[in-house]
Amino acid sequence: MNLGNAEDQRLAAIVFGFTPAAHGLLSLQPWLGAGCELQTDIAGIGFHVTAGNAATHGLPIPNGASFAGLHIYGQWLVLGTTGAATRLLDTNLR
């Protein structure tokens, strides 16, 4: 998953989950400003420092029929940047 157009040299987090907002939206207003919300459950988190206004997080997916139809939800958060929460990304494995 790629992050672009981010403020340079900021701590960024990619949050992964298997359901969108399973426990309700989590307001991130105190850290990222008005309207920023975490929109997925938290099954995993990866941290990166942005370089060249971007960050990339690899997500290896096993090649198995049991993963067909699985949805993985992700959302980037750029800490220290007001309003820097992306919309929820939905990846459907086929």
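Colleague: Is Glu7 buried, partly exposed or exposed?
Modeller: This is a predicted model, and the relative accessibility of Glu7 in it is 36%. Buried means under 20% and exposed means over 50%. Because 36% falls in between, Glu7 counts as partly exposed.

Colleague: Which residue does the side chain of Glu7 meet in a salt bridge?
Modeller: A search of the whole structure finds one salt bridge. Its N to O distance is 3.0 Å, and a salt bridge requires the nitrogen to be within 4 Å of the carboxyl oxygen. The partner of Glu7 is Arg10.

Colleague: How many helices and how many strands does the protein chain have, and in what order do they run?
Modeller: The chain has one helix and eight strands. From the N terminus on, the order is β-β-β-α-β-β-β-β-β.

Colleague: What radius of gyration does the protein chain have?
Modeller: The C-alpha trace spans about 40 × 30 × 15 Å along its principal axes. For 94 residues, a compact globule would have a radius of gyration near 12 Å. The value for this chain agrees with that, at 14 Å.

Colleague: What percentage of the residues in the protein chain is buried?
Modeller: A residue is buried when its relative accessible area is under 20%. Of the 94 residues in the chain, the buried ones make up 31%.

Colleague: How many residues of strand β2 are buried?
Modeller: Strand β2 covers residues 11-17, seven residues in total. The strand is largely enclosed by the rest of the structure, because the number of its residues that are buried is six.

Colleague: Which residue in β5 stands opposite Ile14?
Modeller: Strands β2 and β5 run antiparallel and are joined by six bridges. Opposite Ile14 in this pairing stands Gly46.

Colleague: Which residue in β7 stands opposite Gly17?
Modeller: Strand β2 is also joined by six bridges to strand β7, residues 71-78. These two strands run antiparallel. Opposite Gly17 stands Tyr73.

Colleague: Which residues beyond its sequence neighbours is His71 in contact with?
Modeller: His71 is found in strand β7 and is partly exposed, with a relative accessible area of 28%. Neighbours within four places in sequence are left aside. The remaining contacts of His71 are Gly17, Phe18, Asp90, Thr91 and Asn92.

Colleague: How far apart in space are His71 and Thr91, C-alpha to C-alpha?
Modeller: Thr91 is among the contacts of His71. The two residues are 20 residues apart in sequence. In space, C-alpha to C-alpha, the distance is 5.5 Å.

Colleague: What share of the contacts with a separation of 6 or more comes from residues 24 or more positions apart?
Modeller: This share is taken over the contacts in the protein chain. Residues 24 or more positions apart account for 67%.

Colleague: Is Phe47 buried or exposed?
Modeller: Phe47 lies in strand β5 and belongs to the nonpolar patch. Its relative accessibility is 55%, and the cut-off for this class is over 50%. Phe47 therefore counts as exposed.

Conventions
Residues numbered from 1 in each chain as written. Predicted model: local features only at pLDDT ≥ 70, side-chain atom pairs only at ≥ 80, totals over all residues. Heavy atoms only, no water. Helix = DSSP H or I, 4+ residues; strand = E, 2+ residues; numbered from the N terminus. Rg over C-alpha atoms; globule rule 2.2 N^0.38 Å. Buried < 20%, exposed > 50% of the residue type's maximum accessible area, 1.4 Å probe, protein only. Contact = heavy atoms within 4.5 Å. Patch = residues over 30% accessible without salt bridge, like charges linked within 9 Å, V, L, I, M, F, W, Y side chains within 5 Å. Areas by Shrake-Rupley, 256 points an atom, 1.4 Å probe, with all protein chains shown as cover. Pairing = 2+ DSSP bridges.
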